[in-house]
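The entries follow the order in which I checked things.

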Amino acid sequence: MDPIADFLTIIRNAIKANHRIVTIPASNTKKEITKVLMDQGYIQNYKFEDDGRQGQIKIALKYNPETKSAAISNLQRISRPGLRKYCKVDELPRVMNGLGVAIMSTSKGVMTEKQARANNLGGEVLCYVY
């Protein structure tokens, strides 16, 4: 039971099936990851819907209009419930020499490794996106 891995898998499967919009059950961590993906330009738009219970996240995936390829080529879960991965500020990962981003959970919230480096923060490496 890993909700973040399920979140990434739903997005990965939707991209492989060339879906434009994907609906995912919401949680606070998933909402923060979605905001980071939007800020970094990996998704086109998102919307949080409250259905009285858990809520839903609707994500509009981003595709290149000429080549029909998705903006996200790979999503990789790093820290998982059975093996947590933590990094100090001087050990923060660089994904594909800076072309991708590592999404981290820090004491100041969910952010990219570049933002964590700028804020001098370490934390748990949730996933790589490129």
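What covers the buried residues of α1? I was working from a predicted model, and there I found that the cover includes β1, α2, β3, β4 (75–77) and β8 (123–129).

Entry on the helix itself. I noted that α1 has 14 residues and reaches 20 Å from its first C-alpha to its last, close to the 20 Å expected at 1.5 Å a residue. I then listed its buried residues, taking buried as under 20% relative accessible area, and got Ile-4, Phe-7, Leu-8, Ile-11, Ala-14 and Ile-15. Looking down the axis of α1, I saw that these buried residues fall within an arc of 125°, so they line one face of the helix. After α1 comes Asn-18, for which I read a positive phi near 60°.

Entry on the sheet. I traced an open sheet of three strands in the order β1-β3-β2, with antiparallel pairing. β1 (21–25) and β2 (43–49) each have a single partner strand and stand at the edges, so one side of each is left without a neighbour in the sheet. Direction ignored, neighbouring strands of this sheet are turned by 20° against each other on average. Between β1 and β3 (residues 56–61) I found five bridges in the antiparallel sense, and I marked Val-22 as standing opposite Ile-59 in β3.

Entry on how the helices lie. I placed α1 (residues 3–16) across β1 and β3, where it runs at about 165° to β1. Helix α2 (residues 28–39) also packs on the sheet, where it touches β1, β2 and β3, and its direction makes about 155° with that of β2.

Technical notes. Residues are numbered from 1 along each chain as its sequence is written. This is a predicted model: local features need pLDDT of at least 70, side-chain atom pairs count only at pLDDT 80 or more; totals for chains, interfaces and linings use all residues. Side-chain values use heavy atoms; hydrogens and water are left out. Two strands pair if DSSP finds at least two bridges between them. Helices (H or I, at least four residues) and strands (E, at least two) are DSSP runs, numbered from the N terminus. Axes are lines fitted to C-alpha atoms, for helices over the stretch in contact, and angles run from 0 to 180 degrees between N-to-C directions. Contact means heavy atoms within 4.5 Å. The expected span of a helix is 1.5 Å times one less than its number of residues. Buried means under 20% relative accessible area, exposed over 50%, partly exposed in between (1.4 Å probe, protein chains only). The arc is that of the directions from the helix axis to the C-beta atoms.
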